[in-house]
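Please keep the sequence and the model in view while going through the points.

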Amino acid sequence: AGRAADGYHSGIVALQSAAAGDSRRLLVATTRAAYSAGLRAEAAPLLARLEQVAEPTDSDLMVLRADAAWAYRKSEAIQLGQLAAARALDEGRFELACEALLIAGTAAQRRDIDLAARILHQALALSEAHQLSIWQVQALFELGLVDLATDSDPTRDYQARERATAAGMLGTVAVIDTKIGAATAFREGFLAAYPIYLRADAQARQLQLTGPYAVTRAHLALCVLFADDRPLPGRTRPAAPSEFDDLIAEALAAGKKSGRAPWARSLYGLRAWLHGDNSTAIRLVDEGMRNVQGEWHLIPWWGVGAVLRVLAGTDLEEAFGPPVLIGHHANWAARGYGTAVWELRKGRSPSGSIAEADHLVRHTPVHRHMLRTTIAPVVYQAGLKSVAEGWLREADAFCSAAGERALQRLVRRTLASVGAKVPKGSTS
């Protein structure tokens, strides 16, 4: 029910009085609880103790070794998880096999989304075949993350949430809500996502889920950033300027302990971009993403930083790196818009690249307006004035309706910078 931290503390107490013959099972349960709660430092000595009393082919130990590798974002978690799943299946331990497959599938999301989908579908099929409801929920949730990466589609997350709620999986519900919030933020706007993030944040804090709490703090910071001087839902006053920094600091502190949200620092770069300081934005996004270099880019604003590098003169291939790691559909759209900039500089038509990019973010207007606004001045200066101005006016109208104050300020500054007429009146 999301009480992994409680399970860990109870396990530690029990281990102090357990007989030698009982220690293995307790060690397994307590180590698993520590990793589930995001307590990496606490889990490590427990795993070392288990390695002293268990055989190397012990299926529980094999799963926990995979868990440990993933806790530190190591790619070997994929193979370790698959090997542990095979061992558990040989022993007829189907729940443990599902757990191992989910570790492998989750780790694969950072390296190879197609491989991740295959592993996760295997976990889902196994859980359904043996009526393992908890693992059905987990598999659906992780497959939902694949859907978010390819189209920001939360449908499968809502299915997983319904089942998790029915099963009393409160911690899982909090994590799922965070993903639903992410889809809502880019489909409807950050103000619409704020109540969802707030609910997830409260649940993560109540259940002492360090990792999910790091993530929710970072996403709440995004809401504060994009709301700017507009009160967030449920508030009567705008957030203080210091609230953004406080939330990032809390996200980084919880992330340091759990290994989650290592990208939170990149939000400082997003703030610099919204304020019109592109050179600082490039530097801060790069610094914030340093811990996830070499991984599949699930963070959608990574593409904003890459487009800014192209605008600053960096070669397209260098700015975006290996295509296999571009990841999120918004980052692929960013590459399309970046290609359009490159084509304009070469005197070529960008229409094909723009159409492809537009298609990739057709369901996520926030992504679309962020990226189009970024390249609009280059498009305008290249002679496509009506295209660029049309983008910016469409973005302004969306921001007015959705209450996206910070993005609207950037849109209107961009309109002014190209000499176009800026809409009058409040940005409310």
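1. Two residues are said to touch, or to be in contact, when heavy atoms of theirs lie within 4.5 Å. The model under review is predicted. Under this criterion, and leaving aside residues up to four places away in sequence, Trp273 touches Asn278, Ala281, Val304, Leu308, Met370, Thr374, Leu407 and Leu410.

2. Trp273 also belongs to the largest nonpolar core, which has 88 residues. Together with Trp301 and Phe320, Trp273 is listed among the residues with the most contacts inside that core.

3. Helix α3 covers residues 40-53, which amounts to 14 residues. From its first C-alpha to its last, α3 reaches 20 Å, close to the 20 Å expected at 1.5 Å a residue.

4. Which residues of α3 are buried? They are Arg40, Ala43, Leu46, Leu47 and Leu50. Viewed down the axis of α3, these buried residues fall within an arc of 120°, and therefore they line one face of the helix. As a general point, an α-helix has 3.6 residues a turn, so residues three or four places apart point the same way.

5. The two sides of α3 should be read together. Its buried residues pack against α1 (4-17), α2 (23-36), α4 (59-71) and α13 (241-258). The face turned away from that buried side carries Ala41 and Gln52, which are exposed.

6. Ala33 is found in helix α2. Is Ala33 buried or exposed? Its relative accessibility is 11%, and because buried means under 20%, Ala33 counts as buried. Not counting residues up to four places away in sequence, Ala33 touches Ala4, Gly7 and Tyr8. Ala33 and Leu392 are 359 residues apart along the chain, and their C-alpha atoms are separated by 49 Å.

7. With a relative accessibility of 2%, Asp201 counts as buried. What does the side chain of Asp201 make a polar contact with? The partner is the side chain of Arg217, at 2.7 Å. Apart from residues up to four places away in sequence, Asp201 touches Tyr213, Thr216, Arg217 and Leu220.

How values were computed. Residues numbered from 1 in each chain as written. Predicted model: local features only at pLDDT ≥ 70, side-chain atom pairs only at ≥ 80, totals over all residues. Heavy atoms only, no water. Helix = DSSP H or I, 4+ residues; strand = E, 2+ residues; numbered from the N terminus. Expected span 1.5 Å × (residues − 1). Buried < 20%, exposed > 50% of the residue type's maximum accessible area, 1.4 Å probe, protein only. Arc of directions from axis to C-beta. Core = buried A, V, L, I, M, F, W, Y, C linked by side-chain atoms within 4.5 Å. Polar contact = N/O pair within 3.5 Å; in protein donor to acceptor, adjacent residues only side chain to side chain.
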